[in-house]
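Student: Before we start, could you take me through this model by holding each term against its definition?
Tutor: Gladly; let us look at the model itself and then take the terms in turn.

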Amino acid sequence: MRVGFRMILEAQPDITVVADVPDGLTALETARRLRPDVCLLDIRMPGLDGLEVTRQLAGPDVADPIAVVVITMFDDDEYVDTALQHGASGFLLKDCGPALLVEAVRAAVRGDALVAPQVTVRLLRHFRLRPQARTTVPVEELTERENDVVRAVARGLTNQEIAGELFVAVSTVKTHLGAAQAKLGVRNRVEVASWAWRTGLVDA
(Lines give C-alpha, C1' and ligand atoms only; values in the text may rest on other atoms or scores of the structure.)
Protein backbone atom coordinates (compact mmCIF):
# COMPACT_ATOMS: atom_id res chain seq x y z
CA MET A 1 0.00 0.00 0.00
CA ARG A 2 2.80 2.45 0.88
CA VAL A 3 4.58 1.68 -2.38
CA GLY A 4 1.39 2.39 -4.31
CA PHE A 5 0.77 5.68 -2.54
CA ARG A 6 4.38 6.72 -3.04
CA MET A 7 4.17 6.04 -6.80
CA ILE A 8 0.96 8.07 -7.08
CA LEU A 9 2.39 11.03 -5.21
CA GLU A 10 5.82 11.02 -6.85
CA ALA A 11 4.15 11.09 -10.26
CA GLN A 12 2.94 14.62 -9.42
CA PRO A 13 5.32 17.41 -10.50
CA ASP A 14 4.66 19.45 -7.36
CA ILE A 15 4.96 16.64 -4.77
CA THR A 16 8.10 14.99 -3.37
CA VAL A 17 7.99 12.03 -0.99
CA VAL A 18 10.78 12.54 1.56
CA ALA A 19 10.26 9.39 3.65
CA ASP A 20 8.36 6.10 3.75
CA VAL A 21 8.33 4.32 7.11
CA PRO A 22 6.68 1.13 8.47
CA ASP A 23 5.54 2.07 11.99
CA GLY A 24 4.21 4.85 14.18
CA LEU A 25 7.27 5.48 16.31
CA THR A 26 9.49 5.85 13.25
CA ALA A 27 6.87 8.05 11.61
CA LEU A 28 6.83 10.39 14.61
CA GLU A 29 10.64 10.60 14.82
CA THR A 30 11.07 11.04 11.07
CA ALA A 31 8.38 13.71 10.80
CA ARG A 32 9.90 15.72 13.64
CA ARG A 33 13.34 15.43 12.07
CA LEU A 34 12.44 16.18 8.43
CA ARG A 35 9.48 18.53 9.01
CA PRO A 36 7.56 17.61 5.83
CA ASP A 37 4.69 19.78 4.63
CA VAL A 38 2.26 16.87 5.06
CA CYS A 39 2.30 13.45 6.76
CA LEU A 40 0.10 10.58 5.56
CA LEU A 41 -0.69 8.28 8.47
CA ASP A 42 -2.53 4.98 8.74
CA ILE A 43 -4.68 4.60 11.85
CA ARG A 44 -3.35 1.13 12.62
CA MET A 45 0.43 1.12 12.72
CA PRO A 46 2.84 -0.97 14.81
CA GLY A 47 4.38 0.68 17.87
CA LEU A 48 2.20 3.79 17.94
CA ASP A 49 -1.16 4.12 16.22
CA GLY A 50 -1.93 6.87 13.74
CA LEU A 51 -4.32 8.68 16.05
CA GLU A 52 -1.63 9.15 18.70
CA VAL A 53 0.97 10.15 16.10
CA THR A 54 -1.52 12.67 14.74
CA ARG A 55 -2.05 14.11 18.23
CA GLN A 56 1.69 14.47 18.80
CA LEU A 57 2.32 16.07 15.39
CA ALA A 58 -0.79 18.23 14.96
CA GLY A 59 -2.72 18.25 18.23
CA PRO A 60 -4.01 21.30 20.11
CA ASP A 61 -0.96 21.39 22.38
CA VAL A 62 1.63 21.25 19.57
CA ALA A 63 3.40 24.60 19.19
CA ASP A 64 4.54 24.05 15.59
CA PRO A 65 2.14 21.49 14.08
CA ILE A 66 2.63 19.48 10.90
CA ALA A 67 -0.32 18.90 8.59
CA VAL A 68 -1.59 15.32 8.79
CA VAL A 69 -3.86 13.36 6.45
CA VAL A 70 -5.14 10.10 7.94
CA ILE A 71 -5.73 7.19 5.59
CA THR A 72 -7.42 4.00 6.75
CA MET A 73 -9.57 1.07 5.72
CA PHE A 74 -11.68 1.56 8.85
CA ASP A 75 -14.67 3.77 8.05
CA ASP A 76 -15.71 4.45 11.64
CA ASP A 77 -17.23 7.62 13.10
CA GLU A 78 -15.12 7.53 16.25
CA TYR A 79 -11.88 7.09 14.31
CA VAL A 80 -12.78 10.02 12.08
CA ASP A 81 -13.89 12.22 14.97
CA THR A 82 -10.79 11.44 17.04
CA ALA A 83 -8.43 12.00 14.11
CA LEU A 84 -9.96 15.39 13.36
CA GLN A 85 -10.03 16.41 17.03
CA HIS A 86 -6.33 15.50 17.17
CA GLY A 87 -5.64 17.99 14.39
CA ALA A 88 -5.80 15.93 11.20
CA SER A 89 -6.28 18.01 8.06
CA GLY A 90 -7.99 15.22 6.17
CA PHE A 91 -9.39 11.72 6.42
CA LEU A 92 -9.43 9.27 3.51
CA LEU A 93 -10.28 5.62 3.03
CA LYS A 94 -7.66 3.43 1.36
CA ASP A 95 -9.88 2.92 -1.66
CA CYS A 96 -10.16 6.70 -2.21
CA GLY A 97 -8.40 6.61 -5.58
CA PRO A 98 -5.32 8.53 -6.82
CA ALA A 99 -7.06 11.85 -7.57
CA LEU A 100 -8.54 12.20 -4.09
CA LEU A 101 -5.25 11.22 -2.45
CA VAL A 102 -3.36 13.89 -4.35
CA GLU A 103 -6.04 16.52 -3.70
CA ALA A 104 -6.01 15.74 0.04
CA VAL A 105 -2.25 16.38 0.17
CA ARG A 106 -2.56 19.62 -1.76
CA ALA A 107 -5.50 20.73 0.40
CA ALA A 108 -3.48 20.12 3.57
CA VAL A 109 -0.63 22.24 2.22
CA ARG A 110 -3.09 25.07 1.46
CA GLY A 111 -4.47 24.87 4.97
CA ASP A 112 -7.74 23.40 3.73
CA ALA A 113 -9.24 20.09 4.77
CA LEU A 114 -10.56 17.16 2.79
CA VAL A 115 -12.66 14.36 4.22
CA ALA A 116 -13.61 11.38 2.06
CA PRO A 117 -17.04 11.91 0.48
CA GLN A 118 -18.09 8.46 1.77
CA VAL A 119 -17.90 9.68 5.36
CA THR A 120 -18.57 13.43 5.12
CA VAL A 121 -22.36 13.42 5.38
CA ARG A 122 -22.45 10.85 8.16
CA LEU A 123 -19.64 12.62 10.01
CA LEU A 124 -21.47 15.93 9.91
CA ARG A 125 -24.66 14.26 11.10
CA HIS A 126 -22.59 12.70 13.89
CA PHE A 127 -21.45 16.19 14.93
CA ARG A 128 -25.00 17.54 14.68
CA LEU A 129 -26.34 14.88 17.04
CA ARG A 130 -23.77 15.79 19.69
CA PRO A 131 -23.89 19.61 19.89
CA GLN A 132 -22.97 19.60 23.56
CA ALA A 133 -19.73 17.64 23.09
CA ARG A 134 -16.49 19.61 23.22
CA THR A 135 -18.15 22.79 22.00
CA THR A 136 -15.95 25.87 22.15
CA VAL A 137 -17.48 29.14 23.33
CA PRO A 138 -16.06 32.02 21.25
CA VAL A 139 -13.96 34.50 23.19
CA GLU A 140 -15.79 37.16 21.16
CA GLU A 141 -19.03 36.87 19.23
CA LEU A 142 -18.60 36.18 15.51
CA THR A 143 -19.72 38.89 13.11
CA GLU A 144 -22.47 38.20 10.60
CA ARG A 145 -19.92 37.86 7.79
CA GLU A 146 -17.71 35.56 9.86
CA ASN A 147 -20.76 33.38 10.50
CA ASP A 148 -21.45 33.30 6.75
CA VAL A 149 -17.89 32.11 6.10
CA VAL A 150 -18.02 29.54 8.90
CA ARG A 151 -21.31 28.11 7.54
CA ALA A 152 -19.76 27.81 4.10
CA VAL A 153 -16.67 26.09 5.49
CA ALA A 154 -18.94 23.65 7.35
CA ARG A 155 -20.62 22.81 4.04
CA GLY A 156 -17.22 21.88 2.61
CA LEU A 157 -16.68 24.88 0.34
CA THR A 158 -13.18 26.04 -0.59
CA ASN A 159 -12.08 29.64 -0.14
CA GLN A 160 -12.55 30.21 -3.87
CA GLU A 161 -16.09 28.82 -3.75
CA ILE A 162 -16.95 30.87 -0.67
CA ALA A 163 -15.66 34.01 -2.37
CA GLY A 164 -17.90 33.32 -5.37
CA GLU A 165 -20.93 32.63 -3.21
CA LEU A 166 -20.51 35.73 -1.04
CA PHE A 167 -19.29 37.98 -3.88
CA VAL A 168 -16.07 38.92 -2.10
CA ALA A 169 -12.35 38.46 -2.75
CA VAL A 170 -10.56 35.28 -1.68
CA SER A 171 -8.34 37.42 0.54
CA THR A 172 -11.47 38.70 2.31
CA VAL A 173 -12.62 35.13 2.94
CA LYS A 174 -9.23 34.30 4.42
CA THR A 175 -9.42 37.36 6.67
CA HIS A 176 -12.88 36.46 7.99
CA LEU A 177 -11.91 32.80 8.43
CA GLY A 178 -8.75 33.73 10.29
CA ALA A 179 -10.72 36.04 12.59
CA ALA A 180 -13.30 33.31 13.26
CA GLN A 181 -10.59 30.76 14.04
CA ALA A 182 -8.97 33.17 16.48
CA LYS A 183 -12.28 33.81 18.25
CA LEU A 184 -13.06 30.09 18.42
CA GLY A 185 -9.54 29.12 19.48
CA VAL A 186 -9.20 26.58 16.65
CA ARG A 187 -6.47 26.11 14.10
CA ASN A 188 -7.98 24.64 10.96
CA ARG A 189 -11.07 24.39 8.79
CA VAL A 190 -12.09 20.99 10.11
CA GLU A 191 -12.32 22.32 13.67
CA VAL A 192 -14.29 25.31 12.37
CA ALA A 193 -16.70 22.98 10.56
CA SER A 194 -17.15 20.67 13.53
CA TRP A 195 -17.87 23.68 15.78
CA ALA A 196 -20.49 24.93 13.34
CA TRP A 197 -22.27 21.58 13.24
CA ARG A 198 -22.03 20.95 16.97
CA THR A 199 -23.49 24.33 17.84
CA GLY A 200 -26.27 24.15 15.27
CA LEU A 201 -24.95 27.10 13.22
CA VAL A 202 -25.44 24.89 10.16
CA ASP A 203 -28.94 23.56 9.58
CA ALA A 204 -28.89 19.82 8.94
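Student: What makes a residue of the protein chain count as buried, and what share of the 204 residues does?
Tutor: Buried means under 20% relative accessible area, exposed over 50%, and partly exposed in between, with a 1.4 Å probe and protein chains only; by that criterion 47% of the 204 residues of the protein chain count as buried. This is a predicted model, in which local features need pLDDT of at least 70 and side-chain atom pairs count only at pLDDT 80 or more, while totals for chains, interfaces and linings use all residues. Residues are numbered from 1 along each chain as its sequence is written, and side-chain values use heavy atoms, with hydrogens and water left out.

Student: What makes β1 and β2 a pair, and in which sense do they run?
Tutor: Two strands pair if DSSP finds at least two bridges between them; β1 and β2 have five bridges and are parallel, and Asp42 stands opposite Ile71 in β2. Between these strands the chain passes through helix α3 (residues 50-58), and the β-α-β crossover is right-handed, a term that applies if, with the strands pointing away from the viewer, the path from the first strand over the helix to the second runs clockwise.

Student: In what order do the four strands lie, and why is the term "edge" used for two of them?
Tutor: The open sheet has the order β1-β2-β3-β4 with parallel pairing, and β1 and β4 (114-115) are the edge strands, since each pairs on one side only. Helix α5 (residues 98-110) packs on the sheet and touches β1, β2, β3 and β4, where contact means heavy atoms within 4.5 Å.

Student: Which residues is Asp42 in contact with, leaving aside its neighbours within four places in sequence?
Tutor: Asp42, in strand β1 (residues 38-42), is in contact with Gly50, Ile71, Thr72 and Lys94. UniProt, in an unreviewed entry, lists Asp42 for "modified residue: 4-aspartylphosphate", although such annotations may be inferred rather than shown by experiment.

Methods: Helices (H or I, at least four residues) and strands (E, at least two) are DSSP runs, numbered from the N terminus. Axes are lines fitted to C-alpha atoms, for helices over the stretch in contact, and angles run from 0 to 180 degrees between N-to-C directions.
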